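Please keep the model open while reading.

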Amino acid sequence: MDGSRFGAGILRWLRVIGLLCVWPCLGLGAERAVAATFACSEQQDDQLGDELAKLREMLSRAGPDGRADREGAVARLLTMPKPEAHRILQQVLLRSEDPDGLHQAIVNALYQHLLAGPQQQFGGADASTRGQILTGYLGALAPLWSSEADATSALRVAARRALQRVPARELDEAAKVLLKASDPAGRVRILRCLADMQQTLLAATIADYLEAGDEVVRDGARAALQLLIYPEQPIRSKAEFEAWQVAHGGLAYIDLVELAARRGPRPLERLREELARTRIAAARDVVIAYVERSAGIDWSLVQARTISEDPEVLDACLDALVGSLSRSPQADEASPSRQAFCRALLDRFRQIPEGAQPELQQRRVRVLEVAAYLARPSEVEVATEIRSLLLAQLDHAPATVGVAALRGLRRFPSVEARATLVARARAMLAEPAPSKELLQAMFDTLSSRSSPRWPAPSQDDADKADWLSLVDAGCRSASELELRTPALKLAQTLDANDLRVPGAFGVLLALVRDPGLATKDRSTALLYLEAWRADQQLAPEWVQALQALLEDPAPALRATAAESLAKLPESSDSRRGEWFDSTLMALRDRLGVEPDASVMLALVECVKACGKEQGMPEKAIGVLRGVLDGIGQPVAPEQQFRLDPLLGALAAIAADQRAAGGPWLAACGPLLQYGKRKNVRLVLQNHAAMELAKDVNKKDDATVAERARQAMRVVIECAALKPPRTGWASSEELLREARDVCAAFVALDQVPIESRLDQPRHRLLRLSACLAAGKPLDVVQRGTPWLDPAAAANGGGDDAFRDQLRLLLAEAQLALNKPEEARKQLDARAPGVVNDPQALDLTSRVARELLKSDAAGASAMFDRVLQATAPEDPAFRGRLLDWLRCKLQQDPAARDEAWQVAERHAAMFAAADCPAEQQKEFEQLRAQR
């Protein structure tokens, strides 16, 4: 239609509708309002929810297979109380192309929706939102009134019927908003649309433009007003309209038509035109009512309305029947009236003269299409006749005629029809500028899966080679034809025995291997090859092809191949074990050299998928360990991107229950090596590692014994990775781990010394875990001998080790209520050793206990602690209080001197961050001064 230019303007004012309605209230100028509206609209577009995005995608699904999704999306969008939702439908209506008849479906659904009460319309939207929505629909449908030549088009008739369901006052308000925002040509269309509504209330709005500055708008307003109110003399000014309104303003539209009919031939001519339009609309509405609203259809009544000598009535009824029957062909009932109607349509087809006129060609093919919906494929004679007639329409016909013929032809699949379509499609692809719509319809027909299904050629069918050639040509066609996806879908079509065409696999594989094709197209073809994963004969070739593609120069293709191989576990083929083995070998060769990080992730995911299959964890872990060994340590910067994915896969496979019985232990070494403590803990927990402690010295099964020893060593080495500043008592989980560590050391005490973990760091770990587990006596008994110089001579550790050991022994002695022994261990540490916070805290606790029996000794310890603590240290206030309390108790004569030191820091106890109990204690001590 010539309203396509108007569509661009409509898209602009769809965004300003909401604000236009409230300009008077906001007091904004037009320029500021439009700018604010565009900004607001963009923000709203960004906030469209997931549901709107999904519905938009459903509307875009093409062909017969997408019809249900399109109609479902239209129905859902109409019930939403959001202007954004309806804007999606309005934008569709403004498109110039409509290959799937979505415009008609939207308008019909809008009419049905408007039959409900206002409270149920548009999800019960409030008045303001409802106004925006109705304004949008009026604007989207107004381009249909671009010329009087379109007056009988099915879409315009349906649009008029839908808009007539809108209350006249609301329609008038919407029109006023649009008229202000439109260009001259757009205003003329809106005025013409209003005139066609048969509502005299709208006459005043049309009359407002009788004296417009633009001549096109003036003439359009005068013609529209003439069409609506039938004045005896043409009205050319606002004053003339006001005079007419005084005389006739109270009359209804039908009264005005009657007056015009009595005035003479010219009004009578307009009346005849109006009655003709009414007759066409009525016939169409009746046909729809018979077909869609009746449980049992009386086809004789439908035939009586449809088979009319009036071409316009015939066209309108055919359009209505195509819209209804294309969704649900009525050929299941054995109805004589249905068969008679089908025959009548064929007779009418023969009566329509052949010619180059588009309207005749369109009418002929519509008659055939409706007949196809009415005939049963099992009615051989009629089906054969209709099939041959429909195929004949494909020769030298406009695309719209061919598409309609193909819609009907889908009802009658046959080997001959398939061969004809294949030959026609191949010939069109060889043309310099083939019709995209017609080719897409051909591919959709050949791959149609709805009943009755169009089968692919069987092994012995004569058109098999041509069919395969068409698949290849479609996949290699120009991107603007948009045939590649339909061609790939056609390649997967099943034959009459529900088998895929074997040659299609070779065609797709050749596409995948063709470096001349775009990588995206090769990857898409590779995805479609997955359909042959379950094919007994071709599955091995599929696996081998994917493994080879792991070396392809295109990263996207390597990633797609890895993703497809990751679906091998879904196969039930008896050879899947062999495929896992060969795939893991191919992945091993690629993992160490793959330069692309995203492909690396896909490769690793494939290893994980294979490694979680029964019998595969050990092999997959071996592959991953081999790659990690090749990376080396420290890891070079260019290899760093491999590390985390490999270790993550290693942990995931090892933690799986299929890795039970020993394979999981092989994964723990690299995980420990790279400090993945959390992963190792998860593996240990999943395989109940501590239950193996009883088997470390199993005499009758050396394999089980060695596995248990390895597990205990992993438990210990994993604990050694705990951050030093995180105490064992900081969580219940760490306390459980401390108990496990103690049990692991005890279990290893049963094995030969060379199988134990007895290095200095292990000794310190063991004692710290025993302390956390509440075993201070074990710490003293086991740790004291390690202080012996002989132990040092046998690799028992250096001075730093012994200093740490003495701290642990002091902690244990304190836990045994032996502060004197604890002090001895602290005093025995090397002179000048740096006291960390943990050591200072321990010294303070020992001093507090020692204060009960040795005030002088405690005082000396408090002195050392206070001297080693900086005033800005959060622990300084508490240690100062300990020191002050001890000084006041130990030497009353030195109270003044002690208070001099304390008063220098008195401000710290008045600070806002000082704990209340420390502040209170300081004030109490000061009060006793």
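## Terms and model

Buried means under 20% relative accessible area, exposed means over 50%, and partly exposed lies in between (1.4 Å probe, protein chains only). This is a predicted model: local features need pLDDT of at least 70, side-chain atom pairs count only at pLDDT 80 or more, and totals for chains, interfaces and linings use all residues. Residues are numbered from 1 along each chain as its sequence is written, and side-chain values use heavy atoms, with hydrogens and water left out.

Asp695 sits in the loop between helix H36 (677-686) and H37. Helices (H or I, at least four residues) and strands (E, at least two) are DSSP runs, numbered from the N terminus. Why does Asp695 count as buried? Because its relative accessible area is 13%, and the limit for buried is under 20%. Beyond its neighbours within four places in sequence, Asp695 is in contact (heavy atoms within 4.5 Å) with Val704, Ala705 and Ala708.

Ser844 belongs to helix H44. Ser844 is buried too, because its relative accessible area is 4%. Residues up to four places away aside, Ser844 touches Phe862, Val865 and Arg879.

## Overall form

The protein chain has 49 helices and zero strands. Its C-alpha atoms fill a box of roughly 135 × 80 × 50 Å along the principal axes. The radius of gyration is 44 Å, whereas a compact globule of 929 residues would have one near 30 Å. That radius is taken over C-alpha atoms, and the globule rule is 2.2 Å times the number of residues to the power 0.38.

Of the 929 residues, 49% count as buried. Among contacts with a separation of 6 or more, 66% join residues 24 or more positions apart.

## Nonpolar cores

A nonpolar core is a set of buried Ala, Val, Leu, Ile, Met, Phe, Trp, Tyr and Cys residues joined through side-chain atoms within 4.5 Å. The largest has 178 residues. Ile386, Trp467, Leu529, Leu591, Leu646 and Trp664 have the most contacts inside it. Leaving aside neighbours within four places in sequence, Leu591 is in contact with Met600, Leu603, Val604, Val607, Val623, Leu624, Val627, Arg642 and Leu646. Apart from this core lies another, of 72 residues, including Met58, Tyr111, Trp145 and Leu227.

## Second largest pocket

On a 1 Å grid over the protein atoms alone, a cavity is a set of points where a 1.4 Å probe fits but cannot get out; a pocket is an open set with protein on both sides within 12 Å along at least five of seven lines; lining residues have an atom within 4 Å of a point. Grid points are joined across faces, edges and corners, and a volume is the space filled by probe spheres set on the points.

The second largest pocket has a volume of about 920 Å³. Its lining has 24 residues, with Lys722, Pro724, Ser768, Leu808 and Gln838 nearest the centre. Helices H37 (702-720), H39 (760-772), H42 (799-815) and H44 (837-850) each give two or more residues to this lining. H39 gives the largest share, six residues.

## Second largest cavity

The whole structure holds two cavities of 30 Å³ or more. H8 supplies the largest share, three residues.
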